[in-house]
Amino acid sequence: DAIPNVLHNACGACPEGGIISLTARTDGKTAIIEIADSGAGLPPHLKEYLERPDTSSAPLDRRSGLGLWMVKRLCHELGGKVYVLDSDQGGALIRLVLPFADQELKHVA
């Protein structure tokens with residue numbers, strides 16, 4: 001659910017004809033998902049909120065909704081982290097770093 005929420009926010013942040021990208025990779029211990037856009041970037045208060053370790057309250061104002069709170073909460077529940085960077089495309093880049101479960105994966109194609 002975190003990835004669709006970040007993609008939805010990226011779509012809303014981009015101007016018509018803007019660019020959104022999604023990349024995913026692994027380092028063997030974590031999944032690293034990056035969603036970038038060519039929008040105006042994330043306001044500083046939302047960047048600070050996403051990178052803060054607590055998940056107590058949502059950054060609700062007229063410029064944001066429950067989507068970012070949901071992303072942060074889901075990543076926290078999975079033992080992951082959210083990072084906010086500047087995108088090469090001019091907007092925001094949201095990096096989700098999620099650890100794999102300790103159990104061995106079987107029958108994965």
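Mentor: One term before we start: a residue counts as buried when its relative accessible area is under 20%, and as exposed when that area is over 50%. Bear in mind, too, that this is a predicted model.
Trainee: Which residues of H3 are buried?
Mentor: In H3 the buried residues are Gly67, Leu68, Val71, Lys72, Leu74 and Cys75. Viewed down the helix axis, these buried residues fall within an arc of 165°, so they line one face of H3.
Trainee: And what does the face turned away from the buried side carry?
Mentor: That face of H3 carries Leu66 and Glu77, which are exposed.
Trainee: How many residues does H3 have, and what is its reach?
Mentor: H3 covers residues 66-77, which is 12 residues, and from its first C-alpha to its last it reaches 16 Å, close to the 16 Å expected at 1.5 Å a residue. Just after H3 comes Gly79, whose phi is positive, at about 80°.
Trainee: Let's take H2, then: at what angle do H2 and H3 pack?
Mentor: The angle is about 25°, and the axes of H2 and H3 are 10 Å apart. Since angles under 35 degrees count as roughly parallel, that makes H2 roughly parallel to H3.
Trainee: Is the crossing of H2 and H3 left-handed or right-handed, and which residues make the contact?
Mentor: The crossing of H2 and H3 is right-handed, and the contact is made by Leu46, Tyr49 and Leu50 from H2 together with Leu68, Trp69 and Lys72 from H3.

How values were computed
Residues are numbered from 1 along each chain as its sequence is written. This is a predicted model: local features need pLDDT of at least 70, side-chain atom pairs count only at pLDDT 80 or more; totals for chains, interfaces and linings use all residues. Side-chain values use heavy atoms; hydrogens and water are left out. Helices (H or I, at least four residues) and strands (E, at least two) are DSSP runs, numbered from the N terminus. The expected span of a helix is 1.5 Å times one less than its number of residues. Buried means under 20% relative accessible area, exposed over 50%, partly exposed in between (1.4 Å probe, protein chains only). The arc is that of the directions from the helix axis to the C-beta atoms. Axes are lines fitted to C-alpha atoms, for helices over the stretch in contact, and angles run from 0 to 180 degrees between N-to-C directions. Angles under 35 degrees count as roughly parallel, over 145 as roughly antiparallel, 65 to 115 as roughly perpendicular and the rest as oblique. A crossing is left-handed if the near helix is turned anticlockwise from the far one by less than a right angle, and right-handed if clockwise. Contact means heavy atoms within 4.5 Å.
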